[in-house]
Amino acid sequence: MATTSLRASDFTYSVVIPVYNSQDVVGRTVDAVLEVFESAGLRHQVVLVNDGSRDGSWDVIAARAAQSPHVVAIDLLRNYGQHHANVAGMREATGDYVITLDDDLQNPPDQALLLIEKAMEGHDVVFGRFERKQARGYRRLGSRAISAINHRVFDQPPGLAVSNFRILRRDVVDRICESRTAHPYITGQALMSSRDPADVLVRHDPRPVGTSNYGLRRIASLVLTILFSYSVFPLRAAAAVGFAVAGGSFVLGLFYLVRSLFVDSEVPGWTTIAVLLAVLNGFVIMLLSMVGEYVVRTLNAVSVVRTYHVARRVSS
């Protein structure tokens, strides 16, 4: 457990904000972040990562970056996804601590001070625990599913709440940035890369403009990414089914073999074909499951380091 007490003013902070189709609200988000950190007297940097937005989001954040020495704007070549954008921002960040938050003001910037206060107790990662999440029912259901996966795959400690609103110490950020995975998942990687994670109660506000870009399809995609990139559970489940089918095939083959000894078959050769198909198909399923496990492990070992490309960068 953390026992140290640190001073917030002794450190620098980078706020990483992935931006996607939020031209009507992202400017207000940046202004609010700058106001909070300037009022608190904390040295700060804001890294805005445009993740292939199709509206005017890039023009908004590029203008902010050109005007303020505390803001950097990065334009990714295309839409890679929120977690790739977070990695791009983390690699650009220079702060002793990195804070990630959404671009829609649902993570109120003033609540970042609560994350910092908790981190000053010595925790290397602090997640925001929302008092009441302002989201639709399917998103809350998706969050529960992802939470269950986090507990199983990443050994999320019991009682710890996780979210995309978090603060990470520089050593944790460096471990995440050095990861070779082709499918980054910041929450899981933060859990794997930290020694003393914690959470703190924060406010979650309704989105002031528009609707969330994180729909049911993206949630399902994230669940599949976690399962197939960080866990062998799907393969082992398939292997278990394969072994069950193989066992049933052996029993079926034995049944036809015994039956052929006492009952004449109306079709010559039927017993032999049934036994061979049952046994061989069972073996094929088992072998495919085993080969699949080796393929996934090999793919994880040779995954490329850079999974996105930066098209433009603006800073003052």
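1. Ser 14 stands opposite Gln 45 in strand β2. The strand that pairs with β2 here is β1 (residues 12-19), in the parallel sense and over eight bridges; two strands pair if DSSP finds at least two bridges between them. Strands (E, at least two residues) and helices (H or I, at least four) are DSSP runs, numbered from the N terminus.

2. This is a predicted model, in which local features need pLDDT of at least 70 and side-chain atom pairs count only at pLDDT 80 or more, while totals for chains, interfaces and linings use all residues. Residues are numbered from 1 along each chain as its sequence is written, and side-chain values use heavy atoms, with hydrogens and water left out.

3. Strand β2 (residues 43-50) has seven of its eight residues buried, that is, under 20% relative accessible area (1.4 Å probe, protein chains only). Helix α1 (residues 26-40) carries the chain from β1 to β2 in a right-handed β-α-β crossover. Right-handed means that, with the strands pointing away from the viewer, the path from the first strand over the helix to the second runs clockwise.

4. β2 also pairs with strand β3 (residues 71-76), in the parallel sense over five bridges. Val 49 stands opposite Ile 74 in β3. The chain passes from β2 to β3 through helix α2 (residues 57-67), and this β-α-β crossover is right-handed.

5. Phe 283 lies in helix α10. Its relative accessible area is 39%, so Phe 283 is partly exposed (between 20% and 50%).
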